[in-house]
Amino acid sequence: MSWKDELTKQAADVQNKPAKFGEDIDISRFRQEAADISQVASIDKLPDDIAENAKSVGINPGEDNRSGTFFQVDHSVILACQKKEMEGVEVLSTTQAVNQYDWLKDYYWKAAAVDTDKYTSMTELHQNAGYFIRARSGARITMPIQACLFIGTQGLVQSVHNIIIAEEGSELHVIAGCTTHPSVSSGMHIGVSEFYVKKGATITFTMIHGWAEDVDVRPRTGAIIEEGGTFISNYICFKPVRSIQTYPTASCVGKDARVRFHTLIYGSKNSLFDTGSRVFLQAEGSRAEMTARVIAADSSRIISRGHLVGEVAETKGHLECRGLLLGNKASIYAIPEIEGKAEGCDLSHEAAVGKIQQAQLCYLMSRGLNEDEATALIVRGFLDPEIPGLPEHLKYEIKRTIEMTSEKVM
Amino acid sequence: MNLLEIKDLHVEIEGKKVLNGLNLTIKQGEVHVIMGPNGSGKSTLTMSILGYPGYNITNGSITFAGGATSAGIELNSMPIYERARLGISIAYQTPPEIRGVKLRDIIRIAGNHPLWHPENEPEETIATPLLKKVGLNPEQFRDRDVGVGFSGGERKRAEIAQIFAATPKLMILDEPDAGVDIDSLKTIAIDLGEYIQEHDCACLIITHYRHILPYLKPDIAHVMCGGKILKSGNPFEIFTKIEEKGYCEYLGLCPPGIRDEVERGMKI
């Protein structure tokens, strides 16, 4: 049996296996077929209606300050390119990469398990592209690569498999935006993402979701970080959605590997979020920082998980969740877990859920803001993406993106 | 012109009477000092002037001549932000920390300017000079979150920068000298004194100490106890007497039970 056949068999065995968390979605109620969409020559040739929504999730149609672009609409990859001068980086569709590189079998489903649940199964059995991004050994790609996964057809299920590799000593930044066409109200997105941070390499990955209100989203993410490597993952979602359940997991397998997860969520309307992150510290000197800032407004419900496991000595990790409730119908359920399995691991957690402090509101009001203005300022401040460890220009890019996203929503 | 006029003010907090018939009139440009033992109602007075929720006025009135005419406007049921816009500004004793809200932006808000945006204003021009004026290095403090990790002195300076930005008609200084070292205190007091002179701004200072008074040149001091003003007069004379005798003897009353509290409040 070939390696691919082996995976197909494993996937087929779990076709109906519900996920451990989140509402069980009946995938069959979504359509699987979508028309082919023709490629575009460059990002500025995107149709206006697509470009407009992509912009709201951080995709820059001018490609300024970007090293390359991947753009997928439904099941069609309409653009995958890197700027000419960016020799050290490669952007392909995963389908093409698997055909092109035999060695990719050593990465395919190695950071995330194909038999996790029906959604990983679906992705293996009916995979529709996804992106492959690789920074070659020693390459420092300081400008981010942008990747957009776009649903353009009403009621479609999109399942993609992404693989991101930073080879030894390289640096790679990715801004990934996921969104829908204005005419789409419902659909489903399944995105498997596997990250491989090799020795001394760095990946920062900023994912911005902006879905239609009746879309179900089930990302499945795994990361493996080798010696001296750094993985920084930011997740941002400010728009209402039907449901999102995700629990990205990182394993620090090499000495002094570092991981940072940062989650910013503004839940509104009837949105249901079950999000979190999990880190296994498996090598001496490895470190993890996991922070979540979540706001629940209207009737939204947010479950904010975190699981930090210290498997060996001389490891350190901190898990933090701050939740802000706006209104009486919203809820936040923070579930931080820490698990020490070796003497000499140093793990801690902090969780706080509450409403806006009256003292803060009154303070701002005594400076001349009315109650709504004061609330908005605190909310925006609460979601301020002060993410340590990002280069300045990237911080600015992410901030600008968040500003654009939040202006429309809040 | 009477800027602030408080007549027979009765205030309750959660049903508990705190102010019991307080009268106070402040004219434009006048500097008043309020002192008194802990629990005498000083903070309640300031919160009532500012319009904090939960401070229920059961009797009496607060009027403020903030409008275009000199006629006083009744503040009793006016929201906090409208009072701020009329020209009442406070430097809090212990301002809250607000994560994610930048010091430069709160200073701009106090001055009724929009939040800073680099695309409209490459170099920030509103908060920067004010931070400099109060002795906070703008490069270091512009982007700091309000109050987060500030020392006692930095906190006071940040508050005063907001007052300067607001150009109020009445400034309230709630223990501007608490938790500040003597050198910082002097520079803060000099800044404030100059500002009050220049702008003919009225000032209500709550304090337990006399150190800053020479710089602020108060016109009158009031001693509060039991939710009203019991004595008013020359600030320096009153301080001297209280330092000598203590509040109890000075005020000629010392009901059993509150004596300890009175002494605790008197670390002069």
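Trainee: Which residue lies over the face of A:Tyr363?
Mentor: A:Arg367 does, at 4.9 Å from the ring centre. Keep in mind that this is a predicted model.

Trainee: And what sits over the ring of A:Tyr101?
Mentor: The charged end of A:Arg134, 5.1 Å from the centre of that ring. A:Tyr101 also belongs to a cluster linked by ring pairs, together with A:Trp103, A:Tyr107, A:Phe132 and A:Tyr196.

Trainee: How many aromatic pairs are there over all chains?
Mentor: The count is 16. One of them is B:Phe141 with B:Phe150, with 5.6 Å between the centres and 90° between the planes, an edge-to-face pair.

Trainee: Are those two, B:Phe141 and B:Phe150, buried or exposed?
Mentor: Both B:Phe141 and B:Phe150 are buried.

Trainee: Switching to helices. How do the axes of H6 and H7 of chain B cross?
Mentor: At roughly 10°, and they come within 11 Å. H6 covers residues 152-166 of chain B and H7 covers residues 182-199. An angle under 35 degrees counts as roughly parallel, so H6(B) and H7(B) are roughly parallel to each other.

Trainee: Which residues make the contact?
Mentor: From H6(B), B:Gly153, B:Lys156, B:Arg157, B:Ile160, B:Ile163 and B:Phe164. H7(B) contributes B:Ser184, B:Thr187, B:Ile188, B:Asp191, B:Leu192 and B:Tyr195.

Trainee: How do the residues of that contact divide into nonpolar, polar and charged?
Mentor: Six are nonpolar, three polar and three charged.

How values were computed: Residues are numbered from 1 along each chain as its sequence is written. Chains are lettered from A and ligands numbered from 1 in the order in which they are written. This is a predicted model: local features need pLDDT of at least 70, side-chain atom pairs count only at pLDDT 80 or more; totals for chains, interfaces and linings use all residues. Side-chain values use heavy atoms; hydrogens and water are left out. Axes are lines fitted to C-alpha atoms, for helices over the stretch in contact, and angles run from 0 to 180 degrees between N-to-C directions. Helices (H or I, at least four residues) and strands (E, at least two) are DSSP runs, numbered from the N terminus. Angles under 35 degrees count as roughly parallel, over 145 as roughly antiparallel, 65 to 115 as roughly perpendicular and the rest as oblique. Contact means heavy atoms within 4.5 Å. Ala, Val, Leu, Ile, Met, Phe, Trp, Tyr, Cys and Pro count as nonpolar, Asp, Glu, Lys and Arg as charged, and the others, Gly among them, as polar. Rings of Phe, Tyr and Trp (its six-membered ring) pair if their centres lie within 6.5 Å; planes under 30 degrees apart count as stacked, over 60 as edge-to-face and the rest as tilted. Buried means under 20% relative accessible area, exposed over 50%, partly exposed in between (1.4 Å probe, protein chains only). A charge sits over a ring if NZ of Lys or CZ of Arg is within 6 Å of the ring centre and within 35 degrees of the ring normal.
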